[in-house]
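Hi everyone, thanks for coming. Let's take a few minutes to look at how the inside of this one is put together.

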Amino acid sequence: MTSEAILKRLQSYHSADLDSPDFPETDILFILGCIDVPDLEIRTMAMSLVADFSEPVIENVLTLFPSFKKSIQKQLIMHLMTSSLMLPYQFLFNYLMTLNDEHMVNFIITCLSQTQFELFPMILGRLDSDDMRYISRLKQLLRAIGFNRIELYLKIMPQIPFEQYFRDVFGGDKIDQLK
């Protein structure tokens with residue numbers, strides 16, 4: 001199949017209901033097969049469809065994630081940041097816990113900080129980790145998200161859990177003003 005034919009086929013899926021249980025598995029496999037190809041245009045179009053898939057399909061993509069080259073991983077992360085499902089974000093939080101590549105850590109933190117998905121409850125639930133490297137990464141993410149985006153969450157809490165972490169990130173004065 002030519003690149004033009006592949007692009008045309010991928011384009012035809014943009015109006016399809018990708019998360020429908022009736023969406024043909026052969027089409028899903030075709031789209032997933034286009035994620036790890038050298039042609040940037042094909043890869044980009046395929047990845048733009050992935051965020052609209054159902055949770056089991058996205059889970060399959062995330063299982064394959066470590067096998068992709070770094071450039072493809074980064075491109076996939078950017079597309080997954082548009083997902084309305086919690087799964088890609090949970091995956092990236094778990095990935096941050098074990099990742100040793102600091103450039104990729106910074107890239108993931110930047111992407112997570114820019115998404116419209118409400119991450120604060122997920123961050124809060126992970127601040128009880130004993131892994132100080134992970135806590136440091138979560139604090140870096142909080143800093144990148146910014147005080148303005150999480151201020152309301154902190155205001156409605158009778159007591160701020162892990163308050164010292166928030167003081168470390170945003171300063172004591174900002175946290176004191178919330179009380």
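Let's start with the largest nonpolar core, which has 69 residues. Leu10, Ile31, Phe53 and Phe166 have the most contacts inside it. By core I mean buried Ala, Val, Leu, Ile, Met, Phe, Trp, Tyr and Cys residues joined through side-chain atoms within 4.5 Å, and buried means under 20% relative accessible area with a 1.4 Å probe, protein chains only.

A quick word on the source: this is a predicted model, where local features need pLDDT of at least 70, side-chain atom pairs count only at pLDDT 80 or more, and totals for chains, interfaces and linings use all residues. Residues are numbered from 1 along each chain as its sequence is written, and side-chain values use heavy atoms, with hydrogens and water left out.

Now, the rings. A search of the whole structure finds nine aromatic pairs, meaning Phe, Tyr or Trp rings (the six-membered one for Trp) with centres within 6.5 Å; planes under 30 degrees apart are stacked, over 60 edge-to-face, and the rest tilted. One of them is Tyr13 with Phe30, tilted, at 6.4 Å centre to centre and 55 degrees between the planes. Both Tyr13 and Phe30 are buried.

Phe166 comes back here: Phe120 and Phe166 form a tilted pair, 5.9 Å between centres and 50 degrees between planes. Both of these, Phe120 and Phe166, are buried too.

Finally, Phe30 has another neighbour: the charged end of Arg9 sits over the Phe30 ring, 3.8 Å from its centre. That term needs NZ of Lys or CZ of Arg within 6 Å of the ring centre and within 35 degrees of the ring normal. Thanks, all!

Definitions and conventions:
Buried means under 20% relative accessible area, exposed over 50%, partly exposed in between (1.4 Å probe, protein chains only).
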